[in-house]
Amino acid sequence: REEAYRGEPSQQSMHSAPQDPWFVPFASFKAHGAIPRRGHAEGYTHPLTGLGNENACRPKSSFDAAKTLFLFVSHKWITPSEAHPDDADASKFKLIVDAVEKLLQFKHMKANDWCVALWIDFSCVDQDDAELSGEVSSLHEVIAQCDVFLTPVHDPGHALWAYPVSSGWRDEYSEYRAVGFQEYWTRAWCVVEAMSAASMPVLNLQERLDALEEGAVRTGLMCGRRVHVVYGTKERVRGLQPWFFPPLRKERVAKYNPSKMLLTKETDRRTVDRIWWGVRKHHKEVKPGYTGDVDVYGEPEGKGKAVGENGDTYEGFWRDGKKQGRGTLVYASGDVYEGEWKGDKR
């Protein structure tokens, strides 16, 4: 259940400080039937949707933090030429709603009556502000106050590509071959947001850990990052759960440099560069390798900890260089398995 926010957002209040960013209650977002637009222009009607401004967002401080999962939506707009993130069929809106409802099927928070609040640019940044400079320049600070990072992927050609099946995911960012997702990684703002989600310190960390149940979301925050949830047309059509992808790692940071990537407004370049260099100092790289007991041949034997090239971390018992006995594997995505192992197998 969500408490009503009775404050009326004025034009001045729309430029909220990053200490108290504005979020849309998921129930309000869903009820709107389309991605609601935030703006202050009276009598505005969007040419694509025929809808006016719907200031559905409210300050973060108006939510009960112990009962609210704060989710940042990072996406590439479908129709930027129409100044709208979606299409006439509300394809992205449906993806976001479906993804959140699937997340709600699992108990991510300790409170029984928990809910979700969304930050999405079109709904939380004043679209009638010609500059947008104040709020856009502090996106990394907004992300620092979020628990989950969601990328909805509009993918009309989803039937033309397949998931890796032989050996599983090796590089989710290149192997999830939806055109929209690959284009996402060519956009400077998208990469800055993804890097911020992987690097920015979690604001009020202990408070968030106390409110969250054990699982991928909580584990991600404990490691100083947010899980990157990816949900596209392929998953929606097949009735699948969203993917939990690992955060950006060092080699990806070098590959996906937003200073060289596309911007709709080239005037944003200095802001992107400033955020990028500021966020990078928070990036904590996990070095792959093994530390612990070994046998006479130098192979893991006894108790030890291993960090894989993909960021997965196993801590527990070993025999003949393989996981054997009790151990815990924390996947880079945030998922956790704790239990018995035999010959590297669960």
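View 1. F72 and W119 are both buried (buried means under 20% relative accessible area, exposed over 50%, partly exposed in between, with a 1.4 Å probe and protein chains only). The model is predicted: local features need pLDDT of at least 70, side-chain atom pairs count only at pLDDT 80 or more, and totals for chains, interfaces and linings use all residues. Residues are numbered from 1 along each chain as its sequence is written, and side-chain values use heavy atoms, leaving out hydrogens and water. The ring centres of F72 and W119 lie 4.7 Å apart with planes at 5°, so the pair is stacked (rings of Phe, Tyr and Trp, the last by its six-membered ring, pair if their centres lie within 6.5 Å; planes under 30 degrees apart are stacked, over 60 edge-to-face, the rest tilted). F72 belongs to strand β3 and W119 to strand β4 (residues 115-119), 47 residues apart.

**View 2. A second ring pair, F63 and F70.** F63 and F70 have ring centres 5.9 Å apart and planes at 85°, so this pair is edge-to-face. Both residues are buried.

**View 3. The open sheet.** Seven strands are ordered β2-β1-β4-β3-β5-β6-β7, with mixed pairing (helices, H or I of at least four residues, and strands, E of at least two, are DSSP runs numbered from the N terminus; two strands pair if DSSP finds at least two bridges between them). The edge strands, β2 (58-59) and β7 (243-245), each pair on one side only. Strands β3 (residues 68-73) and β5 (residues 148-153) run parallel and are joined by three bridges. L71 stands opposite V148 in β5.

**View 4. T79 in its loop.** T79 sits in the loop between β3 and α2 (91-103). Its relative accessibility is 17%, so T79 counts as buried. A polar atom of the T79 side chain lies 2.9 Å from the backbone oxygen of H84.

**View 5. Helix α2.** The 13 residues of α2 reach 19 Å from first C-alpha to last, close to the 18 Å expected at 1.5 Å a residue (the expected span is 1.5 Å times one less than the number of residues). In α2, 11 of the 13 residues are buried, so the helix is largely enclosed by the rest of the structure. Among the buried residues are F93, I96 and V97.

**View 6. F29 and its contacts.** Leaving aside residues up to four places away in sequence, F29 touches several residues, including F93, I96, V97 and L118 (contact means heavy atoms within 4.5 Å).

Note on methods: A polar contact is a pair of N or O atoms within 3.5 Å; within protein, one must be able to donate a hydrogen and the other to accept it, and residues adjacent in sequence count only if both atoms are side-chain atoms.
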